[in-house]
Amino acid sequence: MNAIIITLVCVITFLFVGRLVLHTGHIKDTAKDQEPSKGTTIPDMDCGNQPSECGTSCFCDAEAQLRKMKVQIEYYDDEELDAYRGMKPDCYTDDQIDVFSEIMSTMKPQEVAGWLRSLELRGIALPAKLRDEAILLMNG
């Protein structure tokens, strides 16, 4: 009985992944073939409002949810760090490291992880010299 259930789960998973790969490839191919001309807008299809089309794609609900998700960057009174966007973690001067350190020292331990995520989303690398300190702060 268990072997039948495991086999069934494997088959369903295989079909799901196969459908995902085919669907993703189809979207990419279609996008290449049908690039909109200037001034043309592509309507945002809300699959949830079109039940007849939802039957053609088992990913309709997931796609709609992904469109709704927005990445919101939270600032921690650290807008000045945007000047360091694109720098490598080991290329900061001591003065630049002090700017990061001063901001980090004002944070509560539960805020550090969110701040690091904010930096990541903004393309700002934490100076390598501050990594251990950030970890210690997070672990409180």
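Q: Why is Arg 122 called buried?
A: Buried means under 20% relative accessible area, exposed over 50%, and partly exposed in between, with a 1.4 Å probe and protein chains only as cover. Arg 122 has a relative accessible area of 3%, and therefore counts as buried. This is a predicted model, in which local features need pLDDT of at least 70 and side-chain atom pairs count only at pLDDT 80 or more, while totals for chains, interfaces and linings use all residues. Residues are numbered from 1 along each chain as its sequence is written, and side-chain values use heavy atoms, with hydrogens and water left out.

Q: What makes the pair Asp 78 and Arg 122 a salt bridge?
A: A salt bridge requires a side-chain nitrogen of Lys or Arg within 4 Å of a carboxyl oxygen of Asp or Glu. The side chains of Asp 78 and Arg 122 meet at 3.1 Å, N to O, and the pair is counted as a salt bridge. Asp 78 lies in the loop between helix 3 and helix 4, and Arg 122 in the loop between helix 5 and helix 6, so the pair ties together parts that are 44 residues apart in sequence. Helices here are DSSP runs of H or I with at least four residues, numbered from the N terminus.

Q: Is Asp 78 buried or exposed, and how do you know?
A: Asp 78 has 0% relative accessibility and therefore counts as buried. Its side chain also reaches the backbone nitrogen of Tyr 76 at 3.1 Å, and a polar contact is a pair of N or O atoms within 3.5 Å; within protein, one must be able to donate a hydrogen and the other to accept it, and residues adjacent in sequence count only if both atoms are side-chain atoms.

Q: Which residues does Asp 78 touch, not counting residues up to four places away in sequence?
A: Asp 78 touches Ile 103, Trp 115, Leu 119 and Arg 122, where contact means heavy atoms within 4.5 Å.

Q: Which residues are linked with Asp 78 in a network of salt bridges?
A: The network links Asp 78, Asp 82, Arg 85 and Arg 122. Within it, the side chains of Asp 82 and Arg 85 meet at 3.5 Å, N to O, in a salt bridge. Arg 85 has a relative accessible area of 47% and is therefore partly exposed.

Q: Why are the buried residues of helix 5 said to line one face?
A: The buried residues of helix 5 are Val 112, Trp 115, Ser 118 and Leu 119. Seen down the axis of helix 5, they fall within an arc of 125°, so they line one face of the helix. The arc is that of the directions from the helix axis to the C-beta atoms. These buried residues pack against helix 4 and helix 6 (131-139), whereas the face turned away from the buried side carries the exposed residues Gln 110 and Glu 120.

Q: How do you know that Glu 120 is exposed?
A: Glu 120 has 55% relative accessibility, and therefore counts as exposed. Glu 120 forms a salt bridge with Arg 117, the closest N and O atoms being 3.3 Å apart. The two residues are 3 residues apart in helix 5, so about one helical turn separates them. Arg 117, with a relative accessible area of 41%, is partly exposed.
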